[in-house]
Amino acid sequence: MAPIITIERHILDQQRLYPDSTGAFSQMLYDIALSAKIIARETTRAGLVGILGASDDHNVYGEQQQKLDLFANDMIFKMNDHTGRLCAMASEENDTLIPIPAQFKTGKYVLLYDPLDGSSNIDVNVSIGTIFSVHRKISKGDQGTLEDALQPGRRLAAAGYVVYGSSTMMVYSAGNGVHGFTLDPSVGEFLLSHENIRVPNTAKYYSANQGYEKYWTPGVRRFTKWLQGIEGEGREPLAHRYIGSLVADFHRNLLRGGIFYYPGDMQKRTEPAGKMRLMFEAQALAFLADQAGGYASDGVGNILDIQPHDLHQRVPMFIGNRDLVVTAETYIRNYDQDWVKAYTAFREKQAVFSG
Ligand code: AHM
Ligand code: MG
């Protein structure tokens with residue numbers, strides 16, 4: 001029988017590669033895995049809330065009922081606030097940096113997370129996910145500051161996601177390859193199921209909300225025709241798959257090969273930067289793509305090189321097989337000069353406003 005490797009054992013094995021490590025980092029990943037198990041339990045019960053006779057905002061266990069995304073947000077925070085490993089946290093659900101409560105010790109990492117991504121899919125039993133990333137503290141003093149959170153993705157210490165799908169899976173990288181674990185609900189453990197994930201050389205899928213094509217720039221439209229084998233050298237078309245939960249779309253393309261994109265447009269949104277959040281969605285997945293041999297771009301350059309200015313800033317995103325993402329950049333360079341100008345000016349303005 002092949003050895004069964006739990007996420008705990010795997011994290012500890014990885015830690016041994018760094019003899020000077022204090023273990024704080026490994027413990028933090030383990031705490032995130034534990035939060036993920038609890039969130040997974042709640043997501044599988046979500047559809048039962050109405051049936052089990054909950055009323056007055058209290059469930060059958062007498063607990064106060066919360067929206068699932070707020071529950072996940074609190075869970076991750078409470079699991080990590082007192083450990084002495086973090087100097088601050090930041091969540092897609094909170095406007096500002098979340099300090100560590102005064103009664104607890106602080107540590108040398110910042111945790112950034114999107115507690116439950118894919119909000120439109122929560123109530124309809126479609127896969128959703130949690131995204132997380134970890135930066136090292138760079139400021140002086142005990143408490144973390146915005147400077148610690150707002151670092152380029154290139155400097156991440158770790159990143160990962162949990163997908164709540166037909167199984168619950170946690171996928172993470174601490175800069176040493178990308179590893180995937182599947183939750184065995186009968187024993188309550190994440191078990192190593194996908195070691196050292198690499199993006200396949202041949203892509204199968206493209207994923208984008210084509211319902212918004214009307215708002216796309218000419219280059220992105222032409223690129224999409226290229227993926228379909230209509231424009232350019234007449235390649236075999238890729239199949240189109242779009243769940244509308246970033247984690248699930250990314251996960252499928254990571255395992256099967258492909259590209260996910262949410263481009264910046266100049267008409268639907270008031271800014272040319274698309275929808276994805278740099279700090280809670282794009283950086284983490286760009287780090288994982290890079291570790292798996294893929295690539296993530298904002299259409300102009302590598303997402304990992306963007307110097308952030310705001311916790312909630314948005315960024316266009318093209319992510320997946322490197323050759324496909326590079327082709328998207330080429331189409332944008334050739335056909336979307338107006339958008340590139342508007343996007344570049346927008347980013348410069350953001351930089352000025354944030355000092
Ligand atoms: P959310 O943070 O409100 O959940 O939005 C993020 C989600 C992503 O999971 C997904 O890729 C995208 O929004 C889908 O957006 P759209 O419905 O515009 O296609
Ligand atoms: Mg989100």
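W216, F223, W226, Y261, F318, Y331 and Y335 form one aromatic cluster. The model is predicted: local features need pLDDT of at least 70, side-chain atom pairs count only at pLDDT 80 or more, and totals for chains, interfaces and linings use all residues. Residues are numbered from 1 along each chain as its sequence is written, chains are lettered from A and ligands numbered from 1 in the order in which they are written, and side-chain values use heavy atoms, with hydrogens and water left out.

Rings of Phe, Tyr and Trp (its six-membered ring) pair if their centres lie within 6.5 Å; planes under 30 degrees apart count as stacked, over 60 as edge-to-face and the rest as tilted. The count is 12 aromatic pairs. One of them joins Y261 and F318, stacked at 5.8 Å centre to centre with 10° between the planes. Y261 lies in strand β11 (residues 258-262) and F318 in strand β15 (residues 317-320), so the pair ties together parts 57 residues apart in sequence. Strands here are DSSP runs of E, at least two residues; helices are runs of H or I, at least four; both are numbered from the N terminus. Y261 and F318 are both buried, meaning under 20% relative accessible area (1.4 Å probe, protein chains only).

A charge sits over a ring if NZ of Lys or CZ of Arg is within 6 Å of the ring centre and within 35 degrees of the ring normal. R222 places its charged end over Y335, 4.2 Å from the ring centre. R235 lies over the face of W226, at 4.3 Å from the ring centre.

Technical notes: Buried means under 20% relative accessible area, exposed over 50%, partly exposed in between (1.4 Å probe, protein chains only).
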